[in-house]
Amino acid sequence: MTGSETTGKGKRWPSERKTSVDRLTGLEVTQLTDYKAHSHHLYFTENGWYDRERRLLFVSDRGNSTNLYSMDVESGEITQLTEYEKNDALDACLLPDGSAAFVKLGSRLIRLDLSTLEERVVYEAPAGYHLGNASATSDSRHVLTCVQEDLSHRIRLDLGNGYVGHRELMEAAPHSMIVRIDADSGEAEKVYEANKFITHINASTTEPWLMTFCHEGPWHLVDHRIWGLDLRTGEAWRIRERLETGEKVGHEFFYPDGTTIGYHGFRADGTNFFGSIRYDNTGMEETDFGFDTWHGYADGLGQAVVDGKGAVKSLSLWRKQNGKYEGPRMLCELRCSFHSQKVHAHPRFDERGKRLLFTSDKNGYANLYLIDIPERFEELPIFRP
């Protein structure tokens, strides 16, 4: 086990990084963490890189409790940022200016200054509500989150470990609210509400007035998955309408341009696809592929990646050539179990599209991995299940 058993805010952990040659493609893969507990990066819709991409936020279960950490990506040195005891779950988002992270801890949203490590509670979910994820607006002035009515007294719920109660909660239509919080003062205002299971809050990467949210539930059964919201007016609208009965579309995220939304899905015949569409439902592009996946991500620079599901044990890469995605080609081995949210791959490119960050528990524990994207796409092997 790397590092001592003693944990604490500000503790420095020595580098755990090690490299290996991928057996499928021959590319060098860097394992960033190596501790006998789960470690994973932020949810793939949230950027965890800051300080000009020299540092990376991640979550780890060291010392038998889940806390937030920061890694110097070049040296590998790790700094512990929070000190929560007997904690099993944590989520976070980063202010775009890199000054602070907002940590979701139970029903509280906590502002964490990344220079001083000072913490301050800025929001707490009302009694009888669960706190959802958080996402910061592009101007770093606000943090968006959602709350859902707590129905655990009547529905057995374990959404993080196998989506237990997922359909039942959708059908129960809990009262949900989207909340905008001033990133400095903590002043909060309700900007939208509905009797729907609302989650997956995404702030636009360039437009402070624009966000997306979803009606959560099994994708083929929910009334509609991807919604836009104008924070200036409170107007909500459907994005990427279902094109056929039984079609599944979701895992939406903003491209770097802040107006294009990426997603992936499954057609009624089982064909997988990834796609993009503008927030105003124009410019839709979709690419089909013939194997199952959990997540898809695109960098807005002409690259797309999907992880594998079932028999697929690799990460697959597409690159846009002459306006069309070519591929897939294998980038590296994945072998991720996806048994719980802590061990989902959640692949994400860095800002320049030169590196791919992902999580895998192929050695028994979830760890962070980083791989450089080769310049010569055509030298990657053609995808084989």
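Rings of Phe, Tyr and Trp (its six-membered ring) pair if their centres lie within 6.5 Å; planes under 30 degrees apart count as stacked, over 60 as edge-to-face and the rest as tilted. Y43, F44, F253, Y255, Y297 and F349 form one such aromatic cluster. The search of the whole structure finds 24 aromatic pairs.

This is a predicted model, where local features need pLDDT of at least 70, side-chain atom pairs count only at pLDDT 80 or more, and totals for chains, interfaces and linings use all residues. Residues are numbered from 1 along each chain as its sequence is written, and side-chain values use heavy atoms, with hydrogens and water left out.

**Pairs around F289**
- F289 and F291 form a tilted pair, because their ring centres are 4.8 Å apart and their planes stand at 50 degrees.
- F289 also pairs with W318: the centres are 5.2 Å apart and the planes at 50 degrees, so this pair is tilted.
- F289 lies in strand β24 (residues 285-289) and W318 in strand β27 (residues 314-321), so the pair ties together parts 29 residues apart in sequence. Strands (E, at least two residues) are DSSP runs, numbered from the N terminus.

**Burial**
- Buried means under 20% relative accessible area, exposed over 50%, partly exposed in between (1.4 Å probe, protein chains only).
- F289 is buried at 5%, and W318 is buried at 1%.
- F291 is buried as well.

**Charges over rings**
- A charge sits over a ring if NZ of Lys or CZ of Arg is within 6 Å of the ring centre and within 35 degrees of the ring normal.
- The charged end of R232 sits over the ring of W209, 4.0 Å from its centre.
- K248 lies over the face of F266, 5.8 Å from the ring centre.

Definitions and conventions: Helices (H or I, at least four residues) and strands (E, at least two) are DSSP runs, numbered from the N terminus.
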